[in-house]
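I opened my notebook to look into this protein. These are my entries, in the order I made them.

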Amino acid sequence: MTTRFSTYLATLRADDFGLGFLWAWIYCTWFTVGVLPLQFFATAAGEGMMLGNISWLVSLLTCSVLLFLMPRLLHRPLLSGNVFMAAASATVCLGTVLMHFSYGQDVPWLFFLASVLTGVGSAGMWGLWGQRYEKKTRSLGMVAPLSALVVCLFILFCWLIPEEASFVLCAALPLVSAALYLASARQDASILDPGPSPTPYSAPQAAEPESLSTLDRRKALTVLVKLCIFVGGACALCSFGRIAPLSADGEHVAVPSILAGMGIILLISWRNEKMNHTFDFVRPARWLLLLEVVTFALLLSDLPFGTELAARLSFAISTCFDFLLFMCLTRVIQRGAFSSTVAFCISEGSVQVGWLLGDAGAAAFVSFFGYATELLRPLYALAICLLFAVMLFIIDQQGSLRKLIGDRSNRESVESTSRAFHLSPRETEIAVLLSQGRSVPYISDELFLAKSTVETHVKHIYKKTGVHSRQELIDLLRS
């Protein structure tokens, strides 16, 4: 594992960190500087809880709508490439600055404009990063943990430095992300001779889209949609679970909880790399759902620390689901099931819709009813039932997810052989399954490939390695 990690560190590029700065802008702007999501409500003397700052909701709505449209919009020449990335990042920066200067002033239209600008710009940047990763020839597996590290670093900065400096830092983050995007584009343009053999972390992304039939692609897209609906629903429940703690000190609840969520993501990534395990989305998702059940149970209880602990758990869990979905999709993208642009936009759009529904529901409820315990308790109980239903759903999808993600057993020995005999990424993937004794029909079903396509790849593997049977191939791998 140390050798693998050292090899990856030696080949780090700008596009490994760029998405992390966009993610850092999202979490730093909305969850540290003024804690805008927790300012939906303003206490008016004698009037109870009134709906206040809704800039977070406007930005979420704008961004989520555009994210679902972005895969089609990026086909237009004017809405793709370096110029559009520069314009999108400048839009996000401008929106952040306007939001800062209009904060605390009675200028609703300015806050609305700033929210729209941040939503439009961030959606464009996210879609362009998805498009950039379609050209990435190495594994995307380290993008999520590296992004989590970047988010942790800037969350701490924004939390510890003065508020004015933190706003400047937040406004600069999208510009840094765009700069890394442009740097990665120049790096791609400078690579004229990729060499005869793949790098140690080459992976079958969109390099062989023709190998998947239309039916296989539809199956993969169906799994993607189901997974995104699940995560969106889980994020909505997490967001609604923050309804009770909104009167508390939100910043001191949000920041440590987000850092804890990032820590869980880093732990999952480290464990998968150390143990060389296949990434398992279902197992951590199942534990996160159980933690969310505990969250609502705490809100139902009368424990003195229950409200604050529930707030911390809700923030941490929603953060984990955001990154966990991305980690799962990077594995699916590498299978060539669909483009990274489609996967990125649909997945992040689903997460933002979940946050939007949960926060908007909480805002509307508190605005009309305040913290009416007699009404909240049945809602919390209903949320627990929904969480168990979601858990059953994700367990039912476990088989389909494993087919999309694949198995990493014996992958290191196969990759070594792949480099020695110049196997293609798809041939390397099939060689992994052959080394496990899998049959051609099984591989066809596992990789969403036609049987004839698998047989052709097997012939090419045998020819390149000079073997004549599966047993000879296994003996070669062991040697």
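The entries go from the whole chain to single residues.

**Ground rules.** I am working with a predicted model, where local features need pLDDT of at least 70, side-chain atom pairs count only at pLDDT 80 or more, and totals for chains, interfaces and linings use all residues. Residues are numbered from 1 along each chain as its sequence is written, and side-chain values use heavy atoms, with hydrogens and water left out.

**Overall.** I looked up the secondary structure and found 19 helices and two strands. These are DSSP runs, numbered from the N terminus (helices: H or I, at least four residues; strands: E, at least two). The protein has 479 residues, and 55% of them count as buried. Buried means under 20% relative accessible area, with a 1.4 Å probe and protein chains only.

**Contacts.** I took contact as heavy atoms within 4.5 Å. Among contacts between residues at least 6 apart in sequence, 82% join residues at least 24 apart.

**Core.** Which residues touch the most other members of the largest nonpolar core? I noted Leu19, Trp23, Tyr27, Phe230, Phe281, Leu289 and Phe321, out of 108 residues. Helix α11 (residues 306–333) gives the most to this core, with 15 residues. Such a core is a set of buried Ala, Val, Leu, Ile, Met, Phe, Trp, Tyr and Cys residues joined through side-chain atoms within 4.5 Å.

**Ser350.** I found Ser350 in helix α12 (residues 340–369). Ser350 counts as buried because its relative accessibility is 11%. Leaving out residues up to four places away in sequence, Ser350 touches Phe68, Cys228 and Gly232.

Methods: Buried means under 20% relative accessible area, exposed over 50%, partly exposed in between (1.4 Å probe, protein chains only).
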